[in-house]
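Please consult the sequence and the structure below while reading.

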Amino acid sequence: MTHRELTEALLARMNEARQGGAEKYRARIKEQGKMLVRERIRELLDEESAWIEDGLLARTLDPGLAADAVVTGVGLVGGRPVAVIANDATVKAGAWGRVTVQKILRLQALAVKAKIPLVYMQDSAGARLDEQFDIFLDRQHAGKIFYNQIQMSGVIPQICVLFGPSPAGAAYLPAFCDLVIMIDGQSSSYIGSPRMAEMATGEKVSMEQLGGARMHCTQSGLGDVLVSDEHAAIDWVKRLLSYLPSAWDQAPPATESCPPDVTTPIEDIVPAPQNVPYDVHTLIGALVDGGSFLELKALFAPELVVGLARLGGHSIGVLANNSKVKGGVLFPDSADKGAWFVELCHAYGLPLVFLQDISGFMVGSQVERQGIIRRGAKMLSAVATATVPRIAVLVRKAYGAGYMAMSGASFQADMVLALPTAKAAIMGPEAAVNAVYYNKIQELEEPERSQFVAEKEAAYARDMDIMRGASEFFVDAVIPGQQLRDELIFRLRLLEGKSERGPARRTMVIRG
């Protein structure tokens, strides 16, 4: 064959491989309202981006196995290189075969060498049982995909979008990613299918109940973002990448500063009475750059609000107690949520701003059985070991262990600020007076009892006033609400060069 003939044959084979599976399978994807795999990739990449794909011709000599059901390559997102691993559901329902695994492993290795983020577009039926001998036992088999994810964790950002199923062993792929986006009514992830669950346990359950997107975003916590369609999912990937560095030892991207969306004075947002709830999203909107707050796990444990934002054009992480939901008290799930988010920001060098309005951790037999102590310790550990800049703002209540979990001074925050509405104590007046004077209270009759309690609570409340803490220099500054945003921007700039390391050791032991 001549060079021309060889080239034409190659181009024809490449074009055929890009088509993916048979026409009937491509049509089925379209009937489901889903995009083909290369359409998803093209929408993710910058409009003029090149696309460098490896393994396009994998298994093209085997009928019906174009690229062995996975597309792997590198393109530009926001002007920066990003690696992409995307299942092709038109080929064997996206199931993993022997070359699929090798392609995934190869691109993982490239992403680490090049120090670039890795996006997984998961839409797979799992592993091919008819090829299990070639993908399960060896050091270079499928398990190494998860091993690599763990080794890459905190080194380069890993984001997973579930465009379809992620069953059995593949369910761990999103679990090892930094961020997981799920599509309502389309994504699913589960160890065993409904049929397997019924066989093993007798339980009859639907796919959505067992491992659907909404369940994972509201109950299990596996999903971080729930969206309505594939376009929204891809847009979220782009937005998340714009806040994160390409690798752990690089600086996060910066933009021009812009004014907040919320122009209401903070004094009008935060009620002075401690027990009057308000939506902390409004407070966040008055502090961060306009349109920059990306809330994560919004449907999971909403008593704690976490998300990425920009302050003065720079990426930060925000944790805020939401008094409008369960009084902003920390529960086992919200402690897990807080620990994960602190570790995410710490991994990629994002400063942390804590907005405290917390009466502590929840009490009672139910939360004790759910591990409130053990899971609360995870959040406390994450905060204590985070060496990125940390600023705590005492908005209102700053009580008990909640004060520590939200990066209070005793947990070595770099700076502790307070609004004039702040109150700090081991516990609130009602609980404290009842604990200290219970026997005395029981001895009194009305109206002496109520009068005694009111006097003691008033005296206790005076001790909680933030001006007393400021007088003893327990907080760095008490800030008028109108100055808080500018104060945070300036103080975070001061901390940009912070360098801090913990003690030498192999690893922490966290009772998680």
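This is a predicted model: local features need pLDDT of at least 70, side-chain atom pairs count only at pLDDT 80 or more; totals for chains, interfaces and linings use all residues.

A disulfide would require the two sulfur atoms to lie within 2.5 Å.

**Cysteines**

- The structure as a whole holds 0 disulfides.
- Cys258 likewise takes part in no disulfide, and its nearest cysteine sulfur, that of Cys345, is 19 Å away.
- Cys160 counts as buried because its relative accessibility is 0%.
- Cys258 counts as partly exposed because its relative accessibility is 28%.

**Strand β12 and its antiparallel partner**

- Strand β12 spans residues 314-321 and is mostly covered, with 7 of its 8 residues buried.
- Strand β11 (residues 304-311) runs antiparallel to β12 and is joined to it by 8 bridges.
- Within this pairing, Gly307 has Val318 of β12 as its bridge partner.
- The hairpin of β11 and β12 has 2 residues between the strands, and Gly312 adopts a positive phi near 65° there.

**Strand β12 and its parallel partner**

- Strand β13 (residues 352-358) pairs with β12 in the parallel sense, over 4 bridges.
- Val318 has Val353 as its bridge partner in β13.
- Helix α13 (residues 332-347) carries the chain from β12 to β13, and this β-α-β crossover is right-handed.
- Val318 is therefore a bridge partner of both Gly307 and Val353, with side chains in a regular strand alternating between the two faces of the sheet.

Terms used
Residues are numbered from 1 along each chain as its sequence is written. Side-chain values use heavy atoms; hydrogens and water are left out. Buried means under 20% relative accessible area, exposed over 50%, partly exposed in between (1.4 Å probe, protein chains only). Two strands pair if DSSP finds at least two bridges between them. A crossover is right-handed if, with the strands pointing away from the viewer, the path from the first strand over the helix to the second runs clockwise.
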